[in-house]
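Student: Please take a close look at one part of this model, the nonpolar surface patch, and then continue from there to the helices, salt bridges and backbone. Keep the cut-offs in view.

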Amino acid sequence: MNFFTTLFEVCRGVHIFPQLAERSMFRVFWHYFVMLVICTLIITGGQYPAIDKIIRASQEMISEKFGVMTAGPAGGINITNSPQEEQLCLLPGGISIYYLPQELPEKFLDFQKDATGGLIFSPAHIILWSNQPTPSMMPLPAQASAMIHETEELTDTALREALSRPALTEPLPASESMATAVLTMIERPSLYVKMLLFVFNLLMRAFETLPFILIFGLIFSVFGSFRAKNIFSTRAIIAICVYASMPPMLVASMFPALDLPFLDFNTVFLFGSAIYTMIAINFVAMSKLSQSSGFFKDESDSTKE
């Protein structure tokens, strides 16, 4: 029985759980991972359209502020709108993009105001910065394949020193330039944002679901009355907990995906999994007791291949 057949059966009812309780841990957790990926895709697909609007608005702001941005031969990024003047653009989400001309001003603009991080660039340099947890910056090497420099404390003195370092004497091919890679992320960020959003959601949902499944299974293994009578093994209980969590995971994914009010993923998942797991464990236990007593044949026999 493949994953999708299994998912259909556990959504249809508890009749399949006596069979699922006998599955290997590898197969159980492989199915959990597939379920986690499907739920993450649903959530990411629902959240991305709103994020895409922010991305498009940010791109329009960047284009309006800086004009055409190109990889400079000195290792930085050139702009067409007033390249001799410093330019600051604060994007939605608290990201600032700060351009500095070749001749540095006596005093920098307050690029950290209302921002949590961003990009500082000039015709010869590119620097990433963040103030989480403390203000720090990371000057990027001109060559994309070079090792990334370590982070430094973000101060006016350190920033001025980083921007005053010698520029490239010979231009790099576009395919090897860090500036080209940075511009690609600015001009076509969709793929990178989708990947980051997917990974973030995957880790969040794993953190919200797997510890509950394992803890609930282990607690039931130790304190459950059926476990005390040696009706279940710990492996069987965990297998039931994993499969019983799948329908609640699927339903809970709709709440962040559709931005539904009142309830969130974690609440729906916890209550749904707890209730369905207890129903499934009780059904399997009664089936095993009935089989051992010879009263009736387990309904799950009809589903076995």
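Tutor: A patch is built from residues with over 30% relative accessible area and no salt bridge; like charges are joined within 9 Å, and nonpolar side chains (Val, Leu, Ile, Met, Phe, Trp, Tyr) within 5 Å. Accessible areas come from the Shrake-Rupley method with a 1.4 Å probe, and for residues only the protein chains shown count as cover. A salt bridge is a side-chain nitrogen of Lys or Arg within 4 Å of a carboxyl oxygen of Asp or Glu.

The model is predicted, so local features need pLDDT of at least 70 and side-chain atom pairs count only at pLDDT 80 or more, while totals for chains, interfaces and linings use all residues. Numbering starts from 1 along each chain as its sequence is written, and side-chain values use heavy atoms, with hydrogens and water left out.

The nonpolar surface patch covers about 410 Å² and is formed by Met185, Leu191, Tyr192 and Met195. Helix α6 (residues 190-223) supplies the largest share, 3 residues; helices (H or I, at least four residues) and strands (E, at least two) are DSSP runs, numbered from the N terminus. Leucine 191 belongs to helix α6. With a relative accessible area of 55%, leucine 191 is exposed (buried means under 20% relative accessible area, exposed over 50%, partly exposed in between, with a 1.4 Å probe and protein chains only).

Next, the helix packing. Two packed helices are described by the angle between their axes and the distance between the axes. The axes of helix α1 (residues 3-12) and helix α3 (residues 25-66) come within 11 Å and cross at roughly 80 degrees; axes are lines fitted to C-alpha atoms, for helices over the stretch in contact, and angles run from 0 to 180 degrees between N-to-C directions. Helices α1 and α3 are therefore roughly perpendicular to each other (under 35 degrees counts as roughly parallel, over 145 as roughly antiparallel, 65 to 115 as roughly perpendicular and the rest as oblique). On the α1 side, Phe3, Phe4, Thr6 and Leu7 meet His31, Val34, Met35 and Ile38 of α3, contact being heavy atoms within 4.5 Å.

Side chains of opposite charge can pair when their charged atoms come close. The structure has 5 salt bridges. In one of them, glutamate 9 pairs with arginine 12, with the closest N and O atoms 3.0 Å apart. Glutamate 9 is buried at 12% relative accessible area, whereas arginine 12 is exposed at 52%.

Arginine 56 is exposed at 51%, and aspartate 52 is buried at 15%. Helix α3 also contains serine 58, which is buried at 10%. Not counting residues up to four places away in sequence, serine 58 touches Leu91 and Pro92.

A further salt bridge joins the side chains of glutamate 152 and arginine 165 at 3.3 Å, N to O. Glutamate 152 lies in strand β8 (residues 152-153) and arginine 165 in the loop between α4 (156-163) and α5 (178-187), so the pair ties together parts that are 13 residues apart in sequence. Glutamate 152 is partly exposed at 25%, and arginine 165 is partly exposed at 30%.

Glycine 117 is in strand β5 (residues 117-121) and is buried at 9%. Its contacts, not counting residues up to four places away in sequence, are Gly94, Ile95, Ser96, Trp129 and Ser130.

Last, the backbone. Most residues other than glycine have a negative phi, and most peptide bonds are trans. Here a cis peptide bond joins glutamine 132 and proline 133, with omega about 0 degrees; proline 133 sits in the loop between β6 (126-130) and β7 (136-139). Serine 82 has a positive phi near 50 degrees and lies in the loop between β2 (77-78) and β3 (87-91). Phenylalanine 262 has a positive phi of about 75 degrees, is located in the loop between α9 (246-258) and α10, and is exposed at 84%.
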